[in-house]
Amino acid sequence: MKRKHKNRLPKLIKLKRLHDLVWNIMSRYIRLRDSGQGCISCGCKIDYENSQAGHLWHGDNMDFFYQNVNAQCQRCNHHLHGNTGMYVIAVEKKWGIGTAERLLSMKRKAHKYTRSELCQIKEELENKIALLLTDKLTE
């Protein structure tokens, strides 16, 4: 006979699922932040609905660096596999000289996000989104 535990804690969401959830929030934030600026790689006009959060450098450890993720059009992000050459030039212009190299060196360092870090990033992103939406409503 199995015992029923009245005071059992709720099951924690799996770490991979939490990472995916936080990534979806990050994607929303990036597309809101960069709306109206165009594709980081080719500069074409894209609106929020048609933009994607594209990585300069890929890897789970690079998903939540704000300078590494910028709005891209579908053509550059998927069909041109990030259009990296143009992306690097645009990142240097947008975030400062040396940014692409600094991000690349960070990519080489292995880091696995903890549950606590992901929850903190989630909260930070939700606050940033709320501020962006408030600013857009007052424009």
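The model is a predicted one, in which local features need pLDDT of at least 70 and side-chain atom pairs count only at pLDDT 80 or more, while totals for chains, interfaces and linings use all residues. Residues are numbered from 1 along each chain as its sequence is written, and side-chain values use heavy atoms, with hydrogens and water left out.

His81 has a phi near 55°, a positive value in a residue other than glycine, and with a relative accessible area of 65% it is exposed; here buried means under 20% relative accessible area, exposed over 50%, and partly exposed in between, using a 1.4 Å probe and protein chains only. Asn83 sits in the loop between helix 2 (74–79) and helix 3 (84–95), and its phi, near 50°, is also a positive value in a residue other than glycine. As background, most residues other than glycine have a negative phi. Is Asn83 buried or exposed? Asn83 counts as buried, because its relative accessibility is 17%, and, leaving aside neighbours within four places in sequence, it is in contact (heavy atoms within 4.5 Å) with Ser41 and Cys76.

Stepping back to the whole chain, the protein has five helices and two strands, following the pattern α-β-β-α-α-α-α when read along the sequence. The C-alpha trace spans about 65 × 40 × 25 Å along its principal axes, and of the 139 residues, 38% count as buried. Among contacts between residues at least 6 apart in sequence, 71% join residues at least 24 apart.

Now the strands, which count as paired if DSSP finds at least two bridges between them. Strand 1 and strand 2 pair in the antiparallel sense over four bridges, and His55 stands opposite Val69 in strand 2. From strand 2 (residues 69–72), Val69 and Ala71 point one way and Asn70 and Gln72 the other way, and all are buried.

Lys45, by contrast, lies in the loop between helix 1 and strand 1 (52–55), and counts as exposed because its relative accessibility is 75%. The C-alpha atoms of Lys45 and Cys73 are separated by 8.4 Å, although these residues are 28 apart along the chain.

Which residues have the most contacts inside the largest nonpolar core? They are Val22, Met26, Phe64 and Leu125, in a core of 17 residues, a nonpolar core being a set of buried Ala, Val, Leu, Ile, Met, Phe, Trp, Tyr and Cys residues joined through side-chain atoms within 4.5 Å. Helix 1 (15–33) and helix 5 (115–138) each supply at least two residues of this core, and helix 1 gives the most, with eight residues. Phe64, leaving aside its neighbours within four places in sequence, is in contact with His19, Val22, Trp23, Met26, Tyr113, Leu118 and Ile121. A second, separate core of ten residues includes Leu56, Val91, Leu103 and Leu104.
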